[in-house]
Amino acid sequence: MELANTLSQDGESRRGVLAHLERLETQVSRCRKKLEEPQSAQAVESALGTRIHELRRLRDKLRAEVKQHQARVKASTTNVEPDQTLEITEQEFLKRKRENVKAILQAYRFTGISGKLTSRGVCVCIGTAFEGNLLDSYFVDLVMQKPPQIHHHSIPVFIPLEEISAKYLQTNIQHFLFTLCEYLNAYSGRKYQADRLQSDFAAFLAGPLQRNSLCNLLSFTYKAEPEGQSFPFCARLLYKDLTTTLPTDVTVTYQGTDALSTTREEQRAAHENLFFTKPLHQVFTSFASKGDKLDMSLVS
Amino acid sequence: MTEKSIKKVLQRHRLSGDCHMITFQLEFQLLEIQNEESLSSVITDLSIIMEPTEYSELSEFVSRAEERRDLFMFFRSLHFFVEWCEYRKRTFKRFKEKYPEAVHLSEGASSSCMGIRSPSRPGFELVIVWRIQIDEEGKVLPKLDLLTKVPLQALELDKNGVIETAPLSFRTLLGVLGIEATLESLIKSLHTEASN
């Protein structure tokens, strides 16, 4: 049709021919493209084809899984009685609850007071610690009758257990336990300090550390510098309040016969103050680190 | 030659809970060192978060407990502190209910102050400040003080210096009668005067 149009007009015959040639050219390039297209189209087609295969495979796999799961669910619901399914979930629930309670009971160990039920009542375990060091623990086995009584215990004999139980056991068991806790922790703390002094700072002691079983009366002779020429001081620490780990009475005396120089007197007074305010082993740590220059800033 | 084997285990724990009106959350690390002779357990790190934070006495106590890594002391002292707070609250509430016009609690039952006024004697006021302190060692102690508010005229008439020595006398009375009886006697003294 195009051919006919261009050839019929004379004036435009050359333009027509050129136009015709152009058209032919575009046709050729189009044909060439079409020839190429199948190749890339083929490539695309094959790529798409593989993709389709993959997706089909995945779909079939998922379908199979769904079928399996459905079958399983059907099987479990048909094989088991309705009551039993309820029981199982209840069992699961109770198991989880019991584990939770167990975990909480374990956590109570970290509060210092924990306990477990016994046939008679409850066995309470009291833990002791000093400055982050977990020390001995003690137990009290209580019989929960009216009135509650102590069945047996591991409390050391020098702790006034009878006194404390007479005061609180019948009226307020919680208060009884917490008070006992106070006494035991304080004793443990004092014992720890005395033990540390004996083991870590033996070089500073000029004689053995004298202590009672309650560790509330300590007496020792010491030097602030182990190698130094200074004469030893005599220290006596009394812890009148059995619920404390710091002494209530401190006396530091000088052993020698001649009078003390002013510096020595200052030192003596400073030491007395230190023993009042810091745990025993910490006082000696400060002696060890400061050498013979007593840092007055510690005395505050 | 024997080989010394030392086993170290570091545990991390988080505890959260509440004690009456206070909730706490603790995180701490526990280092267990097992050598041939013994097993030692040390708390190596302790951090404590407490709500509510309006008990100012508690913040100092908490930082001290953290510093000393004294987990047990924290719980022990917290228990006693809360017990004392509850006791103070109950006592103040009881007096407020018994003597509604005379007793004045500025912040309700949880306040730390109780004011005693006499409706017929305005200008006079006895204020009892009841603080609950936790000392360096974690011991919880109540600390009560008496403040007096008296008109100038009355002061001039006070030849025996009763007002001046009131805070000291209050302390002595506490030792003799105990907290509740002392507070009640103070309320009654101002209250009965009013009815005369």
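Colleague: Then how confident is chain A, going by its mean pLDDT?

Modeller: The mean pLDDT of chain A is 83. In that chain, 85% of the residues reach 70 or more.

Colleague: And where is confidence lowest and highest in chain A?

Modeller: Lowest is helix α1 of chain A, residues 2–8, with a mean of 47. Highest is strand β5 of chain A, residues 210–211, at 94.

Colleague: How many contacts does the stretch of residues 1–8 of chain A have beyond near neighbours in sequence?

Modeller: Four in the model. The pLDDT over residues 1–8 of chain A is below 50. Where pLDDT is low, the predicted coordinates should not be read in detail.

Colleague: OK, strands now. In which sense do β2(A) and β3(A) pair, parallel or antiparallel?

Modeller: Antiparallel, over nine bridges. Strand β2(A) covers residues 121–130, and strand β3(A) covers residues 133–143. One pair to look at is Val122(A), which stands opposite Leu142(A) in β3(A).

Colleague: What holds paired strands together in general?

Modeller: Strands of a sheet pair through backbone hydrogen bonds.

Colleague: Back to the hairpin of β2(A) and β3(A). How many residues lie between them?

Modeller: Two. Glu131(A) sits in the turn and has a positive phi of about 50°.

Colleague: Which strand of chain A do four bridges join to β3(A)?

Modeller: Strand β4(A), residues 149–153, and the two run antiparallel. Val143(A) has Gln149(A) in β4(A) as its bridge partner. β3(A) and β4(A) also form a hairpin, with five residues between them.

Colleague: And which strand of chain B is joined to β3(A)?

Modeller: Strand β3(B), residues 39–51. Two bridges join it to β3(A), and the strands run antiparallel. Find Asn133(A): its bridge partner in β3(B) is Val42(B).

Colleague: Switching to chain B. What is the order of strands in its four-stranded open sheet?

Modeller: The order is β4-β6-β7-β8, with antiparallel pairing. At the edges are β4(B), residues 103–104, and β8(B), residues 140–149. Each edge strand pairs on one side only.

Colleague: How many bridges between β6(B) and β7(B)?

Modeller: Six, in the antiparallel sense. β6(B) is residues 113–118 and β7(B) is residues 121–134. Among the residues to check there, Ile116(B) has Leu126(B) in β7(B) as its bridge partner.

Colleague: Last one. Which strands does helix α4(B) lie across?

Modeller: β7 and β8 of chain B. Helix α4(B), residues 162–177, runs at about 150° to β8(B).

Conventions. Residues numbered from 1 in each chain as written. Chains lettered and ligands numbered in written order. Predicted model: local features only at pLDDT ≥ 70, side-chain atom pairs only at ≥ 80, totals over all residues. Heavy atoms only, no water. Pairing = 2+ DSSP bridges. Contact = heavy atoms within 4.5 Å. Axes fitted to C-alpha atoms, helices over the stretch in contact; angles between N-to-C directions. pLDDT = per-residue confidence, 0-100.
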